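Please read them with the structure open.

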Amino acid sequence: MQEQIEAVQRMQDYIAAHLSEDITLNDLASTAMFSPWYSRRLFIAYTGLTPSSYIRRLRLRHSALRLRDENCLITDVAFDLGFGSVDGYTRAFAREFGCTPKQYALNPVPICLFTPYGVKYRPVKRRTDEMQQIKNIFIQVIDKPQRKVIIKRGIKADGYWQYCSEVGCDVWGILTSIKSISGEPVCLWLPEKYILPNTSEYVQGVEVAMDYNGEIPSGFDVITLPAAKYLMFQGEPFAEENFGTAIEEVQNAIKKYNPSLMGYKWDKENPRIQLEPIGTRGYVELLPIK
């Protein structure tokens, strides 16, 4: 099974690296080191999508982010990302997101972006065989401005996996489509005053400016957070499959840390913040201080 998972991951990595090019099943099969027929079968089994559907949805995701963030021509976006024609791109975009590229570029409302989860990194495993040495944890003080946060509440979740089982993993795609003041969505552990009855402490959201007046997706709430100081704890870069251990190391360091060493104390009135675990930057959490 591990050999199959790694073969599918290689195909996913190949697609990400060659997204603007013509990607054939033979290309993927060479990367997977299986026959084209078996490679396609494995890909569907582990991702739930055919390779062509996966490629199309990933291209549409990247195109939407370009239309949101750049002043670019729809024609350029279509051809840069490997679509054969503007008409074909427009139809695919409309089927995926319910609006045309032109409509979205003029009014980038929240949409559900495809999130290409790597199959190799889905199971949470402790890799003590590969990460036994104590890692460095970097700490710095940062200031967060007053801001709004568009959040999706869970039911009882106090962490990521329980939240996903309650809410689903598509929330992250919607949040990613909303332009954030911090450049990415966030996960938050909310203080009691921000938790509504029968909703979860742990939520996912996106930080936006106080004057944000864009569309709020159905089922999402908006909270306002004050300006606050945070201690940012950042671990060392890690191999993506070791993300569970990387998170554990940083969280253990947080439990042992005394903020009075820097003249602060923990601020229980503001949320604790978790960023997406990305191996190249290390795992990051932000804890409020005062």
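In which loop is Met33 found? Met33 is found in the loop between H2 and H3.

1. Basis. This is a predicted model, in which local features need pLDDT of at least 70, side-chain atom pairs count only at pLDDT 80 or more, and totals for chains, interfaces and linings use all residues. Residues are numbered from 1 along each chain as its sequence is written, and side-chain values use heavy atoms, with hydrogens and water left out.

2. Most residues other than glycine have a negative phi. Met33 has a positive phi, near 65°, and counts as exposed because its relative accessibility is 61% (exposed means over 50% relative accessible area, buried under 20%, partly exposed in between, with a 1.4 Å probe and protein chains only). Asn198 also is not a glycine and has a positive phi of about 65°. Asn198 sits in the loop between strand S3 (186-189) and strand S4 (202-208), and is exposed at a relative accessible area of 74%. Helices (H or I, at least four residues) and strands (E, at least two) are DSSP runs, numbered from the N terminus.

3. Helices H2 and H3. The axes of H2 (residues 25-32) and H3 (residues 36-47) are 9 Å apart, at an angle of about 85°. H2 is therefore roughly perpendicular to H3 (65 to 115 degrees; under 35 is roughly parallel, over 145 roughly antiparallel, the rest oblique). Axes are lines fitted to C-alpha atoms over the stretch in contact, and angles run from 0 to 180 degrees between N-to-C directions. Leu25, Asn26, Ala29 and Ala32 in H2 meet Pro36, Ser39 and Arg40 in H3 (heavy atoms within 4.5 Å).

4. Aromatic pairs. The count is 13 (ring centres of Phe, Tyr and Trp, the last by its six-membered ring, within 6.5 Å; planes under 30 degrees apart are stacked, over 60 edge-to-face, the rest tilted). Tyr54 and Phe114 are edge-to-face, because their planes stand at 85°, with centres 5.3 Å apart. Tyr54 lies in helix H4 (residues 51-69) and Phe114 in the loop between helix H7 (101-106) and strand S1 (137-144), 60 residues apart. Both are buried.

5. Rings in H6. Tyr89 and Phe93 are both in helix H6 (residues 86-97), about one turn apart, and both are buried. Ring pairs join Phe83, Tyr89, Phe93, Phe97 and Tyr104 into a cluster.

6. Charges over rings. Lys152 lies over the face of Phe220, 5.5 Å from the ring centre (NZ of Lys or CZ of Arg within 6 Å of the centre and within 35 degrees of the ring normal). The charged end of Arg272 is over the ring of Trp189, 4.9 Å from its centre.
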